[in-house]
Amino acid sequence: MLEKYQFVDRPNQARIKATSEEYHDIDENLVLNFLDFQWTYRDMQKQYDTLFDSFGLTESRFLILMFLKRANEHMLLPSQISEKLGASRPTVSKLLKAMEQKGLVEKQESVKDGRSSYFKMTIMGGDTLKTFMPHNFEAVKIIFGQLSKADHDSLKRLLAAINMGTETLRKEGTKC
């Protein structure tokens, strides 16, 4: 995986132009903007993951705790968590098992149906979330604090356009 490497030999406009002429004639600025966006996102995510790690969290664990915080009695079925997270049941099972071992959630058998098990946020899970949230919001403020209101409005439009392009790529898949 690329995030494990300190990749510093980024392509410049001349290298991109030479490569694009070999394969497709494209706008080098388009490719540079894509690479800059990708690098910015990766660096931001790396810093955010470091913040999660300092609280014994991952993005997935955090999201599951937030789902449980908002759920009735702070409990959900694994299938509900899987659906909300957009992850497979086996992946969610592994996440919940690890969270249970860390004391963030606990498994509870259904009183209505002995075949079902819910996962409930523990006091420790709630405390972790409560401690993490101010740092989370401060990180968001630091990352996005340099942007003006107009910048934020532009970013929303730009992200919507990028999401449309991403959806088109998803639909076209291997036709590219």
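**Labels and their grounds**

Analyst: Before the labels, a caution that the model is predicted. One arrangement to start from is that helix H5 (residues 89–101) lies across E2 and E3, running at about 110° to E2.

User: Why are E1 and E2 said to stand at the edges of the sheet?

Analyst: The three strands form an open sheet in the order E1-E3-E2, with antiparallel pairing. Strand E1 (75–76) and strand E2 (105–109) each have a single partner strand, so one side of each is left without a neighbour in the sheet.

User: Why is H3 called roughly perpendicular to H5?

Analyst: The axes of helix H3 (residues 59–70) and H5 come within 11 Å and cross at roughly 80°. Because angles of 65 to 115 degrees count as roughly perpendicular, H3 is described in that way relative to H5. The contact is made by Ser60, Arg61, Ile64 and Leu65 on the H3 side, and by Leu95, Leu96, Ala98 and Met99 on the H5 side. By class, these are six nonpolar, one polar and one charged residues.

User: How do you know that H3 and H6 are also roughly perpendicular to each other?

Analyst: H3 and helix H6 (residues 123–144) pack at an angle of about 110°, with their axes 11 Å apart. That angle falls in the range of 65 to 115 degrees, and the two helices are therefore roughly perpendicular. The crossing in which H3 passes H6 is left-handed. From H3 the contact draws on Phe62, Leu65, Met66 and Lys69, and from H6 on Gly125, Leu129, Phe132, Met133 and Asn136. Sorted by class, this contact has six nonpolar, two polar and one charged residues.

User: How do you know that the length of H7 agrees with what its 24 residues should span?

Analyst: At 1.5 Å a residue, the 24 residues of helix H7 (residues 149–172) should span 34 Å, and the end C-alpha atoms are 35 Å apart, which agrees. H7 is followed by Gly173, whose phi is positive, near 50°.

Note on methods
Residues numbered from 1 in each chain as written. Predicted model: local features only at pLDDT ≥ 70, side-chain atom pairs only at ≥ 80, totals over all residues. Heavy atoms only, no water. Pairing = 2+ DSSP bridges. Helix = DSSP H or I, 4+ residues; strand = E, 2+ residues; numbered from the N terminus. Contact = heavy atoms within 4.5 Å. Axes fitted to C-alpha atoms, helices over the stretch in contact; angles between N-to-C directions. Parallel < 35°, antiparallel > 145°, perpendicular 65-115°, else oblique. Nonpolar A, V, L, I, M, F, W, Y, C, P; charged D, E, K, R; others polar. Expected span 1.5 Å × (residues − 1). Left-handed = near helix turned anticlockwise from the far one by under 90°.
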